[in-house]
Structures are given as structure tokens and as C-alpha cells.
Amino acid sequence: MARVAMVEAVTMALAWELEHDESVVVLGEDVGINGGVFRATAGLAQRFGDERVIDTPLAETMIAGLSVGMATQGMKPVAEAQFMGFILPMVDHMMCHAGRMRHRTRGRLSCPMVLRAPFGGGIHAPEHHSESTEAIFAHMPGIRVVIPSSPSRAYGLLLAAIRDPDPVVFLEPKRIYRLNKEEVEDNGEDLPLDVCYVLRDGTDLTLVTWGAMVKETLEAAEKLAEKGISAEVIDVATISPLDMDTIIESVEKTGRCVIVHEAVRMCGVGAEIAAGLADAGLYHLYAPVKRVTGYDSVMPLYKMEMKYMPSVQRILNAVDEVLEVS
Amino acid sequence: MPATIASFKIDYYQHLSPDGRLMGDDAPALATDFEELRRLYALMVKTRVFDKKAVALQRTGKLGTYASCLGHEAVHMAIGSAMREEDCFAPMYREYGAQFCRGVKMSEVLLYWGGDERGNNFSGPKHDFAWCVPIATQCLHAAGAALAYKLRGEKRVAVTVVGDGGSSKGDFLEAMNAASAYKLPVVFIICNNQWAISVPRSKQNTAKTLAQKGVAAGLPSIQVDGNDVIAARWAMDEAIAQARDGGGATVIEMITYRLSDHTTADDATRYRPSEEVDDAWKREPLVRLKAYLTEQGEWDDAREQALQDEATAAVDEAVEEYLAAGKPPLESMFDYMYDELPHDLAAQREKALEELS
């Protein structure tokens with residue numbers, strides 16, 4: 001079994017599906033001979049040829065529209081948006097077509113495509129390269145939004161996303177692309193979509209997060225453990241459709257919840273989770289639900305980006321607040 | 001002196017004059033294939049009778065907003081009759097004539113504009129795209145379909161239509177770029193009907209033709225008289241044959257005129273001089289084909305009357321079928337969202353059935 005970083009796990013999953021399903025194609029800007037700007041498609045064009053791993057002209061709308069067209073005709077395109085900041089021209093095709101193709105045709109056509117994009121801050125990138133706009137896609141009916149937070153989940157969830165008969169936006173937290181290596185068996189086994197993953201069991205409070213923020217959240221849980229506080233950590237993994245049951249079940253046990261995400265607070269997925277708790281978990285809560293998020297301001301250029309993003313300390317501050325209430 | 005490294009010309013094709021005379025001596029074989037011309041004329045008449053009825057249904061509250069295709073019939077027949085079943089059509093939202101050629105039923109068009117998704121699950125080829133409202137997005141879907149066929153080595157062609165307004169959209173330009181880069185089996189038709197709701201062709205840009213946008217992408221591009229079914233069908237045949245043989249995409253600008261309002265929610269008299277519309281009626285596609293066939297001794301009043309009666313009966317039958325369709329079942333709001341309904345949406349479905357049934 002190989003020890004791989006998350007970005008390598010992405011490559012492994014793409015290679016597995018290219019090898020085992022001839023309807024799968026990878027397409028995007030620089031995904032071919034260059035292997036992608038983050039190396040997520042490294043070696044794939046050399047191995048599978050330029051008709052399976054397709055460099056596109058520099059046009060994001062084109063990548064999304066071609067993928068919709070191919071997907072309706074029996075292909076399984078796995079498209080790459082080079083950075084999430086450049087995904088916005090693709091929103092039209094995802095919202096107006098990918099998410100409604102099956103519905104509008106009463107199942108006559110479907111759209112089994114994956115749109116992959118590296119997202120989030122923390123790598124000292126230029127303007128427009130660091131945003132977390134996952135909520136835009138979570139607001140689209142008919143689209144799954146999946147976010148891995150480790151090499152093994154990147155491998156298993158990406159396989160599941162490609163195999164899913166409906167469109168999936170697969171967002172890869174690039175700050176942790178190469179952070180840790182993990183043993184990942186390249187056996188083609190996928191992981192379930194539409195469910196949260198409980199990464200750490202706890203009894204005193206629930207920390208809910210996804211993507212790169214899993215790192216800070218687990219570190220916060222570790223620091224809390226040193227103080228004798230037992231925090232349960234949930235990686236949401238599929239933010240739409242949302243598995244509220246796992247979160248509510250946890251809060252029934254702990255009575256306290258802090259939600260952590262990099263994206264702006266306003267209409268972020270944290271708001272949906274908090275609303276879900278208010279709706280179905282209120283009587284189990286001992287304290288208000290708190291959110292630790294990016295601010296409702298523009299993602300700053302890189303000198304200030306780590307100040308913008310939730311830190312372990314900000315998470316601990318929020319935890320202090322919810323633990324104060326008895 | 002700079003050296004000229006690229007230059008271009010756009011050829012314009014027309015064989016049938018507005019009064020139905022054959023022009024020049026290079027008419028394609030279709031000009032003397034009277035059986036096929038009568039078939040196309042019959043489909044054009046049926047499309048027009050259908051269109052008139054659909055507008056009437058909207059005016060009497062029996063249909064939602066409807067986009068009329070009045071004046072576009074020759075464009076539609078050229079497209080629909082040139083395609084094979086296995087080819088893929090990616091229409092915008094008013095190419096009913098082309099779709100009738102492909103087996104879509106009149107009642108299904110009415111269902112769609114009558115607010116019912118079941119119209120999109122039509123009797124035409126199952127791989128054809130549904131009506132596409134976001135302007136020009138269908139061009140990329142056609143290019144994507146063509147890419148799928150090319151990658152699989154299938155000899156199938158995708159055909160799409162965009163308007164003069166839609167030709168200003170990035171999606172159209174990006175689709176032509178993709179077709180050029182990958183040499184895709186796709187045909188782009190610019191149905192230039194002179195008006196994008198209230199904005200005239202002259203306000204889209206000052207280029208002499210819209211076809212020349214295809215030249216910029218490296219594609220063979222021509223202009224035809226879109227009211228001349230002989231010229232338009234010839235152009236389609238050539239473009240489809242080239243695409244099927246691996247020769248790549250073509251752009252065909254078909255010049256026609258939107259004789260109707262944009263939709264039934266529009267009033268073109270607010271922005272369009274009536275003289276212009278009167279003048280356009282002199283060039284419309286049905287009159288010239290009928291005049292030509294009559295002149296050739298291939299059409300007469302008795303045939304015309306029989307055709308009108310047949311068209312009216314077919315449309316009446318379609319209207320009856322449409323009106324009898326009722327509402328789709330409540331659960332259909334949920335049941336086609338995903339292959340398998342996610343847990344939370346299943347709960348919403350259950351609650352909706354409980355509250356709304």
C-alpha cells in the first residue's frame with residue numbers, strides 16, 4: 001500500500017476510473033501533458049492518451065458546457081476548473097443544465113459529470129485563487145457538492161462522485177493537497193456520498209466542519225482533550241445533500257455545537273446546519289450554536305489570508321463561549 | 001507594406017427568388033425532386049397551422065407564454081429533413097418544424113409551453129436535447145455531444161441553432177472554438193431573424209455577416225437565404241456530410257425574418273416599423289415554394305385545400321391530446337431530481353404529498 005498525499009490520491013482515483021470505465025474522460029485547462037497546475041492529473045495523458053485526458057482551450061464556460069453535452073450522450077466527463085475563483089462562468093451550465101437535465105426531461109437525459117476544483121486559501125496565491133464558494137453550488141437543486149479532507153477520502157469520494165449517475169461538484173481543499181500522507185490502497189473501492197464522517201468521538205461538544213478546516217478543527221479538539229474536554233469532530237464531506245441526521249445525533253449526545261468553515265458567513269453552509277439544528281435539535285442544545293467562519297469581507301491577498309481564515313484559537317474561543325453556558 | 005496573412009470571404013447562396021423562380025443554372029438536385037419538395041412544403045404548412053393555433057391557445061388562456069416560429073419554417077425543414085435519426089439536435093426554443101421532422105409531436109410542444117415538463121420527454125430521438133432557454137448554451141451541448149461521438153468513433157452529427165442575438169454570446173463563440181480545436185462533427189446554424197426581442201441585428205455588431213464569426217474560429221462559414229428551403233437544405237446536406245466524414249464543423253447563417261412577436265408576451269409594434277414587417281411578408285418561405293411548385297405543375301388548389309384540411313385536423317387532434325393531459329403528478333417535482341432520491345429530499349416529498357395532495 002502506498003503512502004500518498006491527497007493530490008496523489010486524486011490522481012490515483014482518476015487513473016482507476018480511466019482504466020476501468022471507458023466512458024470516463026478528464027478535461028480541463030493544462031490537465032494534459034502538463035498534468036494540471038497542482039499535478040492532480042500528472043502522468044494521465046501520457047498513460048491514457050489525449051483522447052481520454054483532454055486539454056481544452058482556455059474557456060471555462062466551454063469546459064462546463066462540453067461536459068454537460070458529453071454527459072447527456074453517455075460519457076462520464078470529469079472536468080477541472082483550474083481554481084475555484086474561475087468556476088463562476090461554469091455556474092450557468094451547472095445550474096441551468098447539469099442540475100436539471102434529468103428533471104426537465106423526466107429522466108430521458110441525465111448528466112453524470114464531475115466538476116473538480118481546487119478551493120480555499122492558505123497557499124499564498126494571487127487574487128481570485130483562494131475563495132471558498134461551495135455554498136453557491138449547495139444552493140443548486142440536482143447537484144451534489146462533495147469535499148474530501150484526507151487522502152483516503154479524496155480517493156474513495158472521488159471514485160463515488162465519478163460513478164454517481166448525477167452531477168457532482170468535487171471541491172479539493174488545496175491547502176492540504178500535500179499536507180499529510182496516508183496509506184491508501186488503490187483498490188477501486190469508493191466511499192459513500194451523502195453522509196458525514198465522524199472523525200473523532202466526543203461527549204462534551206460537537207465540532208462540525210469540512211475541507212481544509214478539518215485540520216484546525218482536529219487540532220482544536222486535541223487541545224481541548226488536553227484540558228479534559230471531549231469534542232466530537234464531524235467532517236460533513238457531502239455538503240449537499242446534507243446529512244443532518246449524523247449532526248443531530250451527535251448534538252443529542254453533546255448538547256453543544258460549533259460549526260467551522262472557511263467561506264464567508266452570510267448564507268454559508270454553516271447557516272443551513274445551524275438552521276437544521278434549530279429545527280430538529282433545539283431541545284438537545286444547552287448553548288447557542290456558534291459559527292467560526294471567514295468574515296463577510298473579500299478574501300484578502302495573501303499577507304492577511306491566515307488572519308481571515310478560522311484559526312485554532314478562534315475555534316477555541318467559540319468553544320469557550322458555548323461551554324460557558326450551563 | 002504589411003503582408004496579408006489571412007483574408008476571407010462569405011458566400012451567399014440563394015436558388016429560389018421571393019416570387020418562386022429558380023435563379024441561376026446551378027440549382028441542387030432538390031430543385032427537381034418534387035416529391036421531397038412537396039413533403040417539405042406540407043411540413044412547413046403544418047408547422048404554420050400549428051403555430052397559429054398555439055398563439056390562439058395562448059390568447060384564450062389555454063397555453064402559457066409561447067414563442068412563435070412564424071417565418072422560420074424553411075430554416076426548420078432544412079435542418080430537420082437533413083438530419084438522421086441517430087444525429088443529435090440541440091435546439092433553442094422555437095425550432096418546432098425541425099423537431100416535427102424528427103418525430104416530436106405537436107401535443108408535446110404544447111405540453112412544454114403549457115407548463116409541463118412531460119413535453120420534454122418527447123417522441124423524437126431520445127438523445128435529442130430539450131428546448132433550451134438560456135441563450136446559446138445549447139451550442140456547447142451540441143459541441144459536447146459531437147465530442148462524445150467523435151471519441152467513440154460514431155458517425156453521428158450534432159446540429160444546433162442560435163439566433164442573431166445569441167451569436168453575441170460567449171457560449172456560441174466558445175462552442176465554435178471547441179469545434180475547431182477538436183474538429184468536431186457539429187453544424188452551427190445562426191438563424192438570423194433580424195430581431196433579438198426588440199434589439200435589431202444592426203445593434204449586435206457592425207460586422208457585415210454573422211457567419212464570419214465562424215471564420216474567426218477557423219470554420220468554413222457561409223450565408224444562405226433562410227427563406228429558400230432549396231438553398232438552406234443544400235447547405236445543411238453539405239455541412240452534415242462534411243461533419244459525418246470527419247471534415248469538421250460548418251457555420252451556416254440563414255437569413256430569415258421573425259414575422260411574429262418574440263413571444264406572446266411581447267408586442268413588436270412597440271419597436272418595429274410595420275413597413276418592415278410588410279416587406280418581410282413578401283419574402284417569406286411558404287409563398288415562394290408554393291409558387292415554384294405551382295409553376296412547375298407540381299401543386300394546385302385541390303392539393304392545397306387537402307393539405308390545409310389535413311393540417312387543421314392534425315393540429316386539432318394535438319390540441320385535444322394536450323388539453324386532456326391534465327397536470328403531472330405532484331411527486332414528479334421530486335422523482336426526477338436524482339437517480340436515487342436523497343434522504344432529505346425524500347422527506348420533503350413525503351411532506352409535500354401530505355400537505356398538497
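B:Tyr13 counts as partly exposed because its relative accessibility is 25%, where buried means under 20% relative accessible area, exposed means over 50% and partly exposed lies in between, using a 1.4 Å probe and protein chains only. This is a predicted model, in which local features need pLDDT of at least 70 and side-chain atom pairs count only at pLDDT 80 or more, while totals for chains, interfaces and linings use all residues. Residues are numbered from 1 along each chain as its sequence is written, chains are lettered from A and ligands numbered from 1 in the order in which they are written, and side-chain values use heavy atoms, with hydrogens and water left out.

**Aromatic pairs**

- Over all chains, the structure holds 17 aromatic pairs; rings of Phe, Tyr and Trp (its six-membered ring) pair if their centres lie within 6.5 Å, and planes under 30 degrees apart count as stacked, over 60 as edge-to-face and the rest as tilted.
- One of these pairs is tilted, because the rings of B:Tyr13 and B:Trp234 have their centres 4.7 Å apart and their planes at 45 degrees.
- B:Tyr13 lies in strand S1 (residues 12–13) of chain B and B:Trp234 in helix H8 (residues 229–244) of chain B, so the pair ties together parts that are 221 residues apart in sequence; helices (H or I, at least four residues) and strands (E, at least two) are DSSP runs, numbered from the N terminus.
- B:Trp234 is partly exposed, with a relative accessible area of 23%.
- The rings of B:Phe50 and B:Phe100 form an edge-to-face pair, because their centres are 5.3 Å apart and their planes stand at 85 degrees.
- B:Phe50 belongs to helix H1 (residues 34–59) of chain B and B:Phe100 to helix H3 (residues 96–101) of chain B, so this pair ties together parts that are 50 residues apart in sequence.
- Ring pairs link a cluster whose members include B:Phe50, B:Phe100, B:Phe122 and B:Trp131.

**Charges over rings**

- The charged end of A:Arg108 sits over the ring of B:Phe122, 4.1 Å from its centre; a charge sits over a ring if NZ of Lys or CZ of Arg is within 6 Å of the ring centre and within 35 degrees of the ring normal.
- A:Arg153 lies over the face of A:Tyr197, at 5.9 Å from the ring centre.

**Domains**

- Chain B is divided into domain 1 (12–326) and domain 2 (330–357), with bounds that come from an automatic or database domain assignment.
- The C-alpha centres of domain 1 of chain B and domain 2 of chain B lie 37 Å apart.

**Backbone details**

- A cis peptide bond, with omega of about -5 degrees, joins A:Ser240 and A:Pro241, and A:Pro241 lies in the loop between strand S12 (238–240) and helix H9 (244–254) of chain A.
- A:Cys267, a residue other than glycine, has a positive phi near 55 degrees; A:Cys267 is exposed, with a relative accessible area of 59%.
- B:Gln194 is not a glycine, although its phi is positive at about 80 degrees, and B:Gln194 lies in the loop between strand S4 (186–192) and strand S5 (195–196) of chain B.
- B:Gln194 is partly exposed, with a relative accessible area of 21%.
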